[in-house]
Amino acid sequence: MPLSVGSLVRGVIIAASLALVGTAQAAWPERTVTLVVPFTAGGITDVLARSIAERLQAALKQPFIVENLPGGAGVVAAEHVLRAPPDGYTLLFTPIFQITMAPFTHKVSFDPIKDFRPVAAIAASPFVITVSAGVPANNLAEFIAYVKAQPGKIPFGSAGTGSLTHVSSAVFLKSAGLDMIHVPYKGVGQAFTDLLGGQISMLSASPVEVKPYLGSGKVKPLAVTGTARSKQLPGVPTVAETLKSPPVITINGLVAPARVPQEVIETLSREIIAAEKSPDFVDRIDKLGAEPIVSTPAEFAAIIAKDTALWRDAVRDLGLKPQ
C-alpha cells in the first residue's frame, strides 16, 4: 500500500529529529583536542602538558596535542584560546600565574576569573636562582654582595616581562635590596643560552629547566624560591635560608574558555584526577621537581581566586607597570 504524503512528511520529521538528538548527545571529544602552552617547548609547563595530553589521549581515545604559543608573558596564548570556539577543543595549559597576573602587568582583554573555567591544577613547582659560571659567587650571600658592589650594571634574564621567571627574580632582588638590569626573552630556553654564554649573569627558572645544564659546569644554582628545598636539588638551600623573602611557587593547570560545556569540564576533571592518583604519573611529576596536586574544578577555582589577589598586591609592591 503506497504511503500518503502525510506519512512521508512525518517520516522525514522523525528522521531529522533522531539525527538532531544523535548530534546533541554526541560524546566529547570526537576529534583532536589542542592544549595551548604559552611557552616554547622544553620547559616544565610544556613537559607537564605533554604528560597530561598523553594520559587524556589514552583515556578518551582521541588525539590530544600540544601547541606552543609563546609571547606576551602568556597573554598571546590566553587570548588565542579565548578567541577559539568554546567547544572544548582548544584549551589552555598554563602556570595560573600567567593569567592571574596578566591584568596587572599587561593590557589584556580578559578577566582571569570571569573568562576562564578551571578544570584542574596539575603540579606546583618553585624556581631556582641560577647564575653563570663566570659569576664570582658560590652561594646566595656572596652573589648579593657581588651585585651590591655594582648596582645597575649586572644583567639578569627572564622568559619575558611579567613572566614568573621575571617576577620571581624581582621578588628576590627587592628582598635583597639589589639593582640589576632586566633582559627579557621570548622563552626560558633563549635565556639559558645567554646564561651559559655569560651574556646575562642570573636567571630564575624551574628545577626541570635548570637540571639539564648542571653537568655543563657553566651554571651554578644558588637558591630555591619555595618553602622547602627541592627534591631534585636537595643540596641547594632556599632563598629564605639566607634572607627574609616571600616564597614564589608556580602552579600549572588546565583551564577552558568560560562557555565550554559543563560535560567537557567534568570529563576532563575525572580523567585528570584519575591520572594524578596513578603512582607512575605521580613519579613522573616528582622527577620533574614538581609536586602533584589533585583538585576538583571548584578547588582549582579557589586557588585561582587566591592567586589573583596575591599577584595584584605583589605587582603593586614591586612597582611593575602594565606593558
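Biologist: In which helix is Ile285 found, and what makes that stretch a helix?

Modeller: Ile285 belongs to helix H11, residues 279-287, and the name rests on DSSP, in which helices are runs of H or I of at least four residues and strands are runs of E of at least two, numbered from the N terminus. This is a predicted model, in which local features need pLDDT of at least 70 and side-chain atom pairs count only at pLDDT 80 or more, whereas totals for chains, interfaces and linings use all residues. Residues are numbered from 1 along each chain as its sequence is written, and side-chain values use heavy atoms, with hydrogens and water left out.

Biologist: Why is Ile285 called buried?

Modeller: Ile285 has a relative accessible area of 1%, and buried means under 20%, exposed over 50% and partly exposed in between, with a 1.4 Å probe and protein chains only, so Ile285 counts as buried.

Biologist: Which residues does Ile285 touch beyond its neighbours within four places in sequence, and how far is its C-alpha atom from that of Leu48?

Modeller: The contacts, defined by heavy atoms within 4.5 Å, are with Leu48, Ile122, Ala123, Glu276, Ala290, Glu291 and Pro292. Leu48 lies 237 residues away along the chain, yet its C-alpha atom and that of Ile285 are separated by 7.5 Å. Over the protein chain, 77% of the contacts between residues at least 6 apart in sequence join residues at least 24 apart, and 50% of its 323 residues count as buried.

Biologist: What is the geometry of the crossing of helices H8 and H9, and why is it called left-handed or right-handed?

Modeller: Two packed helices are described by the angle between their axes and the distance between the axes. The axes of H8 (residues 188-197) and H9 (residues 207-214) come within 12 Å and cross at roughly 35°, the axes being lines fitted to C-alpha atoms over the stretch in contact and the angles running from 0 to 180 degrees between N-to-C directions. The crossing is right-handed, a term for a near helix turned clockwise from the far one by less than a right angle, with anticlockwise called left-handed. Val188, Phe192 and Leu196 of H8 meet Glu209, Val210 and Tyr213 of H9.

Biologist: How many of those contact residues are nonpolar, polar and charged?

Modeller: The contact of H8 with H9 has five nonpolar, no polar and one charged residue, where Ala, Val, Leu, Ile, Met, Phe, Trp, Tyr, Cys and Pro count as nonpolar, Asp, Glu, Lys and Arg as charged, and the others, Gly among them, as polar. The buried residues of H9 are Pro207, Val208, Glu209 and Val210, and they pack against H2, E4, strand E5 (128-132), H8 and strand E8 (202-205).

Biologist: Which residues lie closest to the centre of the largest pocket, and which element gives the most to its lining?

Modeller: The largest pocket has a volume of about 510 Å³, and Pro246, Pro247, Val248, Leu310 and Trp311 are the closest to its centre among 18 lining residues. H12 gives the most, nine residues, and the lining has 11 nonpolar, two polar and five charged residues.

How values were computed:
1 Å grid on protein atoms, 1.4 Å probe; cavity = no way out; pocket = protein on both sides within 12 Å on 5 of 7 lines; lining within 4 Å. Points joined across faces, edges and corners; volume = space filled by probe spheres on them.
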